[in-house]
Amino acid sequence: MKKRIILTNVFILFLSLFLLLISCAMIVSVVNNNSKENELKQSLKIALEIFDENDLSKTANALHNSNKDMRVTIIYRNDGTVLYDTSQITTSSHLDRDEIKNIGGVYHRYSETVKKNLIYIAGIAGHNDDYYVRISIPEESNSQIIYSLLIYGTITLVVVLGLSIIVLFKTSKDITKPLQNVMNQMSKIVNFKVNDNNDIDVITVQIEEINKIINTHVMNLRHEKEKLEHVITSINQGFIYLSINGNVNLINDIALNIFDFEREEIINKNYIYLFRDTQMQNNIKNILEGEDLNIFEYEYDYRKYLVNINLVKYSYGANGGMTIFLLDVSDIKNIERMKKEFFANASHELKSPLTTIIGYQDMIKEGIITEKEEIISAASKTIKEAVRMNKIVSEMLELSVLETNYAKEITHINLKVIIEDIIATLAKDLSDKSISVDLKLVDMKVDMNYDDAYHLLRNLIDNAIKYNKFNGELKIIISPLYQSLTIMDTGLGISKENQSKVFERFYRVDKNRSKESGGTGLGLAIVKHIASNYQIQIDLESKLNFGTKITLKFRK
C-alpha cells in the first residue's frame, strides 16, 4: 500500500511537471515566434524606408550587416526575377512564393535554396512600386530554445522526482504513525493484538478487524440496552435512575405517568425538576451523602408510594448513581383502612344485637322477668335482634364472596322478569307504607349471574321502599335504547355531603332510622361491588326530603 501511494504520487507529480514543461515549451515557442515575426515586420519597415532603387545592394546589406542570420532578397515585380539576394543565390522567378502573393503575411517553410527552415515576409518598394523586398530569418533559433528548455526541464524533472520519492518515503512513515497510535489505543479497548508493521495495507486490514469487533460490541450493547429497556418497562413500579450528579438518566412510563412528564422533558435534568417537594429532595440528597435511609413512604398527588432507594456502586467501589423504585400502595393502604373500619363497624354492629340478646336472656335466667307477657316480649326482641345479626352476617359473607370475584355462571337474563318477581315479593312492605308503584318495564336482557342481578336490584328496590315516605311513590323505568334502568323514590333523600359515602360499608345516613327499618348498612356496598364486577355505571341523584334517583347503565 505504501509503495502504491508513493508510485501514485510520483506519477501524479511526473505528469504535472511534464505537462508544465510541455506548456512552457509551447508558450516559449509561441512567444519566440511572435518575437521573430515582429522583428521581421520591423526589419521590413526599415528596409522599405531606406530602399534605394539606384543601389539595391545598399538596402540589402544594411539589414544583413545588422543581423548576419537575416536574408534579404530584392525581386523585380514585373517578372519575379531576383535582382539581389544576400545569400548570393539567384533564381529565375519568385512570383509563386506565398509571401509575394500575400504582401505583409508571415510564412514559415523550408528553403531549398539555403537548406533551412525560414520565416518569410515581403513588401513593395520603389518609386513606382516596381520591386518586392523580402526578408527571412532562420527558424532554427526557435527550435534550439525549445530543445534546450526540454533538455534542462527533463533534468530538473528527474531531480524533483528523485527528491519527491525520498520525501514521500520519509513522510509516509510519519503519516502512518498517528494511525498506528490510534489503532493501538483501539486494540486495547477491544483486546485485539496488533502488528507493529506500519504499512498502510496492514494497518487498514487491522482497522477493519477492530471495526468488526467494535461493531459486534456495539450490537451487543444495543441488545443489552433493549433488554434493559424491556425490563424497566415491564417493572410494575415507577423506576428512576439518577447519575452521581443527581441527573435523571433513565425513567420508565409508570414514573412518567406519576409525575405527568414527557420523557424528553426530564431526561438529563436534575431530580429537583421531578421531585418538587422538599421532603423527597432532602431524602435523596441525604442518601447521596451516605445516610442510611433506603425505604420510606412518600405522598404525591393524593397517592401514597413506598419508595426504595439504593446506591449503585462501580466495581472499584465508587458511587455510580442511585435507583429509585416507587410502589403505589394507595389501594393497599385504603384496603387496610377499609378492613380496620370494616372490622370495627362489624364488631360494633354485631355487638349491639348480641348485647341485647344476652341481656334479655340473663334477665330471664336470673328471674328478673317472670311474667309471661314480659318473657314473650323479651323473646320477641331477642329473636328480632338475632334475625338482624343473621342478616348482617349473611350480607358480610355475600360481600366477601363478591370481593373474591370467583367465576360464576353467566346467563342471558331479562331484567323485567326479575323486577316483577322482586315487586311481588315486597308487596306487603309496599302495602304497609301505602307506596304506589309505577312500572314502565320492557324486555331488556343482559349477561349476568342471576343471583348477582337479583341482589343488585333487590337491594336498590328494598332501599327505595325502606327509606320512602308513607303514601310515597316508587317508579322503575327500563330503557333498552340506552341500556339503562332507573329507580326513583319520593323518600328521605340524601344530602350532597353524604352522597359520596352511601356506598361504603356500614355507612348510614340516619342510623336510628336504618336500624328501625332493619337496614344493615351493607346493601349499597353490595350494589357497588356487583356493579363494579360487571362494569355497570351507577348514577346517583338525590335531594334531601325530595327523594332519590339511581340509574344503572349496563354495557352495550
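Author: Start with exposure: a residue is buried under 20% relative accessible area, exposed over 50%, and partly exposed in between (1.4 Å probe, protein chains only). The model here is predicted: local features need pLDDT of at least 70, side-chain atom pairs count only at pLDDT 80 or more, and totals for chains, interfaces and linings use all residues. Residues are numbered from 1 along each chain as its sequence is written, and side-chain values use heavy atoms, with hydrogens and water left out.

Reader: Is Phe-18 buried, partly exposed or exposed?

Author: Phe-18 has a relative accessible area of 36%, so it is partly exposed. Phe-18 lies in helix H1; helices (H or I, at least four residues) and strands (E, at least two) are DSSP runs, numbered from the N terminus.

Reader: How do I read a sheet?

Author: Look at which strands pair; two strands pair if DSSP finds at least two bridges between them. In this model, 5 strands form an open sheet in the order E12-E14-E15-E17-E16, and the pairing is mixed.

Reader: Why is one side of E12 and of E16 left without a neighbour in the sheet?

Author: Strand E12 (436-440) and strand E16 (537-543) are at the edges and have a single partner strand each, so one side of each lacks a neighbour in the sheet.

Reader: How many bridges join E12 to E14?

Author: E12 and strand E14 (residues 473-479) run parallel and are joined by 5 bridges. Asp-438 stands opposite Lys-475 in E14.
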